[in-house]
Amino acid sequence: MRVLCTTHGSPSHGRAQLPLLRALAKAGHEVQVVTNDDLAPVFAADDVQVTPALPEFDPTARLGPYVAEIQKIEDMAGRMAELSRLMQRTLAGPSIKPTLDILLPLARDFRPDVVLRDGMDMAAVLTAETLGVPQLPTPSGFSNMMDPAQVLPELNNRRAELGLTVHEDPLSIVPHGRVDYVPSAFSFAQHLPKSWAYRQTVDVERRAVLPEWVAELPTDRPLVYAAIGTALPMLHHRKADQPAPLPMEFPDPTESLGAILGAVAELDDCTVVVSTSGIPVDTEGVPAHVRVVERVPQPLLLESVDLFVTHGGFNSIREAMRTGTPLAVLPHFGDQHGNADRVEALGLGRHVTDRSAAGIAAACRELLADPAPRARARAARLAMLTLPEIEHAVGDLEGIAG
């Protein structure tokens, strides 16, 4: 079986695909990943063919005409909700043509039996329909928040241009379902159908080990881990590298990290590890119970963490569910606000709405003192352990491909 996989967005999208692609490659199937230059390194250590041919994916670039209206919305959550709605409406717009012009010839040459795609990739939907092969989105926060009814009108316009069948059913975007690593009772998908669900693995980064200093951390007090993910730092670096401003202002990761550091400094009865994702921060005066690092193998560290202070990316939430770790979610953009609300609705933690150091610290203390989120997190972990292992997906995809 030949499997074509597309990835764009942030590195987290590719990391969510890695366990599935590894299982397919191990079973002897040929896997080609089509992505861009920035994300190609995510797949470098794996037995897949990587073609870094796609243009840089910037879904905000097409929102220029709407920026003024978005900026009139005062609260960040409301602004991000409107941004998400507009992104969905334009996701299959005419601007996908450059991606489609690259992807479709590559796919014709490769002749895939099935397409696994980034949840944001409507060019891959059109490519699969042109070739007459099944396609499924892989786990991502955008897949969870996407409303197919918002995407369908423009997608049908592109279908008509290509001479493809125009569909009235919004779920024609996912006719064969979707891949997920979360059981249905804990699903974060708002509008998509039941998934092909498999067990979330803690083994994402090959040969990952925790640094030796981790073994020296005190174990007679709670361990708190804080991180802001990869997407926001990526936007931050893009803003620094490009003279043209982003279409709208996004939260500043430096400010968020500063608030987090101020909060955890107050948790002097805990041990805290803060991952900066490479964002420079001022560590002068950081107390001894707080350790600041650029990166750490997150899925491994979470196995021993009592509370995870997170931006609320879907990868991070799944990894915390897999290890039964309660969550304090400090969302920034995209799906993260919806994820924070869903975490709270499921009883897995708190949506932290007071973004000050004092507000974050108060939320952490409340969560550490409350046994209910820990119990609910263990329930989520047990539910995830009932899912089949990722290798089971190989047979399912073989069946879908026919």
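How many residues apart are arginine 158 and glutamate 161 in helix α7? They are three residues apart in α7, which covers residues 148–162, so about one helical turn separates them. Helices here are DSSP runs of H or I with at least four residues, strands are runs of E with at least two, and both are numbered from the N terminus.

Before going further, the ground rules. This is a predicted model, in which local features need pLDDT of at least 70 and side-chain atom pairs count only at pLDDT 80 or more, while totals for chains, interfaces and linings use all residues. Residues are numbered from 1 along each chain as its sequence is written, and side-chain values use heavy atoms, with hydrogens and water left out.

Arginine 158 and glutamate 161 form a salt bridge, with their closest N and O atoms 2.8 Å apart. By salt bridge I mean a side-chain nitrogen of Lys or Arg within 4 Å of a carboxyl oxygen of Asp or Glu. Arginine 158 counts as buried, at 9% relative accessibility, whereas glutamate 161 counts as exposed, at 59%. Shared partners join Glu154, Arg158 and Glu161 into one network of salt bridges. The cut-offs are under 20% relative accessible area for buried, over 50% for exposed, and partly exposed in between, using a 1.4 Å probe and protein chains only.

In general, side chains of opposite charge can pair when their charged atoms come close. The structure holds 10 salt bridges. Another one joins lysine 97 to aspartate 101, again with the closest N and O atoms given as 2.8 Å apart. Both residues lie in helix α4, residues 97–110, and they sit four residues apart, about one turn of the helix. Aspartate 101 is partly exposed, at 43% relative accessible area.

A further salt bridge brings together the side chains of aspartate 46 and arginine 22, at 2.5 Å from N to O. This pair links distant parts of the chain, 24 residues apart: aspartate 46 is in the loop between β2 (30–34) and β3 (49–51), and arginine 22 is in helix α1, residues 11–26. Both aspartate 46 and arginine 22 are buried.

A cavity, on a 1 Å grid over the protein atoms alone, is a set of points where a 1.4 Å probe fits but cannot get out, and lining residues have an atom within 4 Å of a point.

What lines the largest cavity? Its lining includes Arg15, Pro19, Tyr181, Asn315 and Glu319. The elements giving two or more residues to that lining are α1 and α11 (314–323). By class, the lining has four nonpolar, two polar and three charged residues.

Now the nonpolar core. The term covers a set of buried Ala, Val, Leu, Ile, Met, Phe, Trp, Tyr and Cys residues joined through side-chain atoms within 4.5 Å. The largest one has 33 residues, of which Leu4, Met122, Phe142, Met146, Leu155 and Ile173 touch the most other members. Elements with two or more residues in this core are α3 (76–90), α4, α5 (122–131), α6 (141–145) and α7. Helix α5 gives the most, with six residues.

Finally, some loop positions. Phenylalanine 57 is in the loop between β3 and α2 (67–71), and it is buried at 12% relative accessible area. Its C-alpha is 9.6 Å from that of threonine 7, although the two are 50 residues apart along the chain. Glycine 324, in the loop between α11 and β12 (327–329), is buried at 17%. The C-alpha atoms of glycine 324 and leucine 382, 58 residues apart along the chain, are separated by 8.3 Å.

Serine 277 is buried, with a relative accessible area of 13%.

Technical notes:
1 Å grid on protein atoms, 1.4 Å probe; cavity = no way out; pocket = protein on both sides within 12 Å on 5 of 7 lines; lining within 4 Å. Nonpolar A, V, L, I, M, F, W, Y, C, P; charged D, E, K, R; others polar.
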